[in-house]
Every structure is written in structure tokens, then in C-alpha cells.
Amino acid sequence: HDLGKLRIPDSILDKPGKLTQSEYELVQRHAKDTFAILSQIEGLEEIAIWAGDHHEKLNGNGYPMLKNSSNLPLASRIITACDMFQALVQNRPYRASMDLKEALGVLMEGGKNHELDSSVVACIIKNKNECYKAATAHSFKLNH
């Protein structure tokens with residue numbers, strides 16, 4: 001779902017501080033780039049849509065296409081919530097990882113705000129230990 005990040009310079013992906021507006025816009029482009037890459041592969045057209053949607057929100061405040069609950073398939077909703085959970089529990093150049101309780105609180109808030117699918121959030125909560133283990137066990141960085 002993050003293949004589009006291959007088009008973003010490491011200096012931006014690894015930046016420890018706040019991104020400039022132009023850097024942030026470049027990072028946001030990765031979802032569209034992911035869709036563009038995957039949609040060129042025969043048989044992955046539907047997966048390209050799901051992966052390209054991974055920063056969309058049910059309330060329409062996501063990106064890149066400003067989709068909402070009426071046009072976000074369940075697979076896209078699952079990828080979005082899982083991607084957010086993984087990002088929260090892993091260290092990032094710009095912030096330390098959250099503990100499990102704090103990360104689940106952020107997901108629950110996202111469900112309440114109609115950003116995330118609350119049934120997907122509930123599934124992550126129900127399987128929180130397994131999800132946490134999966135999200136933190138194989139932290140790796142792609143070499144661009």
C-alpha cells in the first residue's frame with residue numbers, strides 16, 4: 001500500500017522535524033502514486049484502488065481523492081485502520097512510538113469522529129495483542 005513512497009526522497013521520509021508544505025504535499029502524493037503503480041499490473045486493479053485509498057477517511061477529510069463512507073470499500077477501510085495502527089506503534093523519525101493503550105485510544109477517537117470504520121477498529125481492539133505484535137515485529141525500511 002505504500003509503493004508510492006519509493007518516489008519520495010529519503011531526506012523527506014527520514015526528516016526528524018516538521019515537513020514544509022511542499023514536502024508534505026509530496027508525501028501525500030504517495031497514495032496516488034501507489035494507485036498509479038499497482039493499476040498498471042494486470043489483475044491488481046482492485047487492489048490498486050484499496051491501496052490508493054489508504055489515507056481516505058469515512059468523513060471525506062482524507063486524501064488524495066476526498067472519498068467518503070459512500071465510496072470506500074471494506075478492504076480500503078481495513079488497510080487504512082491497520083496502516084494508522086502500525087504507524088502509531090512504530091518509531092518514526094519525527095516522534096517516538098505510542099504504547100498499545102494510547103494507540104488504541106487514537107483509533108477509537110478516529111472511529112468516533114467517523115474517520116475510521118468503527119467495526120474495523122473494534123476488530124483491532126478485539127485482537128489487540130496479535131495486531132500489536134504484527135505491527136511491531138517486523139519494522140523495516142525500504143531502501144529507495
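Is C82 buried, partly exposed or exposed, and what is the relative accessible area of C82? In this predicted model, local features were considered at a pLDDT of at least 70 and side-chain atom pairs at pLDDT 80 or more, whereas totals for chains, interfaces and linings use all residues. Residues are numbered from 1 along each chain as its sequence is written, and side-chain values rest on heavy atoms, with hydrogens and water left out.

C82 is partly exposed, with a relative accessible area of 37%, where buried denotes under 20%, exposed over 50% and partly exposed the range in between (1.4 Å probe, protein chains only). C82 lies in helix 4, which spans residues 74–89, helices being DSSP runs of H or I with at least four residues, numbered from the N terminus. Between C82 and I124, the C-alpha to C-alpha distance is 8.0 Å, although the two are 42 residues apart in sequence.

With a disulfide taken as a pair of cysteine sulfur atoms within 2.5 Å, the count is zero. C82 takes part in no disulfide, and the nearest cysteine sulfur, that of C131, is 6.3 Å away. C123 likewise is in no disulfide, its nearest cysteine sulfur being that of C131 at 6.6 Å; C123 is partly exposed, with a relative accessible area of 45%.

The pLDDT, the predictor's confidence in each residue from 0 to 100, averages 93 over the protein chain, and 95% of the residues score at least 70. Over residues 140–144 the pLDDT is below 50.

Definitions and conventions: Helix = DSSP H or I, 4+ residues; strand = E, 2+ residues; numbered from the N terminus. Contact = heavy atoms within 4.5 Å.
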